[in-house]
Amino acid sequence: MAKSANQKSKLLYLSKILLEQTDEDHPITVPEMIQELAKRDIKAERKSIYDDLETLSLFGLDVQSRKGRSPGWFIGSREFELPELKLLMDAVQSSRFITQKKSDALIRKLEGLASIHQARQLQRQVYVSGRIKVMNESIYYNVDRLHGALSAQKAITFKYFDYDISRQKVFRRDGKRYTVSPYGLIWDNENYYLVAFDHVNQEMRHYRVDKMADIVVTNLPRSGQEQYPNFQVASYGQKHFAMYSGKEMTVTLRGLQSMAGVVWDRFGQDIILVPDGESHFRVTLSLVMSPQFLGWLFALDGIELVAPQEAVDLYRQRLVSIQAAYQDASL
């Protein structure tokens, strides 16, 4: 048989056909493979197809065959199985920090890792619409630049902004650039945050990645090691409720034993709960006294803040101010 111009690509196209069109529920026969190759101007004989399938199998592709009512060849296991792809797609779709446009693009790429038949199942999986998404399309590339700066241990500069009521960017510091040394990225409260050493204020701070613009990786070496020789990003994130700032304190909570799981869920399994009587426990934590922490505490029946007195006073002041706001007769 005379060879066509695309004959050298036969093995590549055959693997593509198998990966895209087959799975355990949708096998393809050898005559169908020959027809598919012919559409690509590639001539093939039955014997050569069997040889090619053997070659692909030896290469590592999980090529399997089945006899019976629905005979044929198909790809068995893949790099990502269907349940794994469903999990990844749901994570992408529900991630607030990924814009809708980027979510759609990533989902299309994930669909390409399955057969066309499995991709239809994945499309049915993505049914949630109207989820809150960030508006900054550049966040995807911001994260990439920040990882580069972290790897090279270099300082960065950037502009930082908020949105006004018209959804227009309003840059802080009148558009002046921030200079910081990145120490890590934290995923918290459905947002990405950069934890970095601020060169001007000489302290660790955090920034919403989706509110950073014009990031530039400099040649300046990372600063902050002298002020924070044993800095741990995970510990920083644990202390800051919803990544809000405040005064750092060592506080003691007292709670019912039935609330132990709530505390472990928030602070991790490594913290030690000390029995306090038959039905309570105490736990000492280092954290930031932010309104978000006080709000978390307020929402829980069975856990109270008992020390230090400064923290208790702050909590009492917060409660008094909230009560006063709702005592107005006109409300």
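**Close-up views of a predicted model**

**View 1. The second largest pocket.** The second largest pocket holds about 180 Å³ of space. The model shown here and in the other views is predicted. Asp 23, Glu 24, Asp 25 and His 26 are among the residues that line this pocket. Ile 75, Gly 76, Arg 78, Phe 80, Glu 81 and Leu 82 also belong to the lining. Gln 118 and Gln 121 complete the list. By class, the lining has 5 charged, 4 polar and 3 nonpolar residues.

**View 2. The whole protein, for orientation.** The protein has 331 residues, and 40% of them count as buried. Its secondary structure comprises 11 helices and 12 strands. Take the contacts with a separation of 6 or more: residues 24 or more positions apart account for 64% of these.

**View 3. Helix H1 against helix H3.** Two packed helices are described by the angle between their axes and the distance between the axes. H1 spans residues 10-21, and H3 spans residues 46-59. Their axes lie 10 Å apart, at an angle of about 75°. H1 is therefore roughly perpendicular to H3, since angles of 65 to 115 degrees count as such. From H1, the contact draws on Lys 10, Leu 11, Leu 14, Ser 15 and Leu 18. These meet Ser 48, Asp 52, Leu 53, Thr 55 and Leu 56 in H3. The contact of H1 with H3 has 5 nonpolar, 3 polar and 2 charged residues.

**View 4. Helix H10 against helix H11.** H10 covers residues 291-298, and H11 covers residues 309-325. The two helices pack at about 80°, with axes 11 Å apart. H10 and H11 are therefore roughly perpendicular to each other. On the H10 side, the contact is made by Pro 291, Leu 294, Leu 297 and Phe 298. On the H11 side, Leu 314, Tyr 315, Arg 318 and Leu 319 take part. The class count for H10 with H11 is 7 nonpolar, 1 charged and no polar residues.

View 5. Most residues other than glycine have a negative phi, and most peptide bonds are trans. The bond from Ala 307 to Pro 308 is cis, with omega near -5°. Pro 308 sits in the loop between strand S12 (303-307) and H11.

View 6. Gln 153 lies in the loop between helix H7 (139-152) and strand S3 (154-163). Its phi is near 55°, a positive value in a residue other than glycine. Gln 153 is partly exposed, with a relative accessible area of 43%. Arg 222 occupies the loop between strand S8 (212-221) and helix H8 (233-239). Is Arg 222 buried or exposed? At 19% relative accessibility, Arg 222 counts as buried, because the cut-off is under 20%. Along the chain, Arg 222 and Gln 153 are 69 residues apart, yet their C-alpha atoms are separated by 5.3 Å. Leaving aside residues up to four places away in sequence, Arg 222 touches Gln 153, Lys 154 and Ala 155, and also Ser 181, Pro 182 and Tyr 183.

**View 7. A positive phi at Gln 202.** Gln 202 is in the loop that links strand S6 (191-198) and strand S7 (203-208). Phi of Gln 202 is near 55°, a positive value in a residue other than glycine. Gln 202 counts as partly exposed, at 40% relative accessibility.

Conventions: Residues are numbered from 1 along each chain as its sequence is written. This is a predicted model: local features need pLDDT of at least 70, side-chain atom pairs count only at pLDDT 80 or more; totals for chains, interfaces and linings use all residues. Side-chain values use heavy atoms; hydrogens and water are left out. Axes are lines fitted to C-alpha atoms, for helices over the stretch in contact, and angles run from 0 to 180 degrees between N-to-C directions. Helices (H or I, at least four residues) and strands (E, at least two) are DSSP runs, numbered from the N terminus. Angles under 35 degrees count as roughly parallel, over 145 as roughly antiparallel, 65 to 115 as roughly perpendicular and the rest as oblique. Contact means heavy atoms within 4.5 Å. Ala, Val, Leu, Ile, Met, Phe, Trp, Tyr, Cys and Pro count as nonpolar, Asp, Glu, Lys and Arg as charged, and the others, Gly among them, as polar. Buried means under 20% relative accessible area, exposed over 50%, partly exposed in between (1.4 Å probe, protein chains only). On a 1 Å grid over the protein atoms alone, a cavity is a set of points where a 1.4 Å probe fits but cannot get out, and a pocket is an open set with protein on both sides within 12 Å along at least five of seven lines; lining residues have an atom within 4 Å of a point. Grid points are joined across faces, edges and corners, and a volume is the space filled by probe spheres set on the points.
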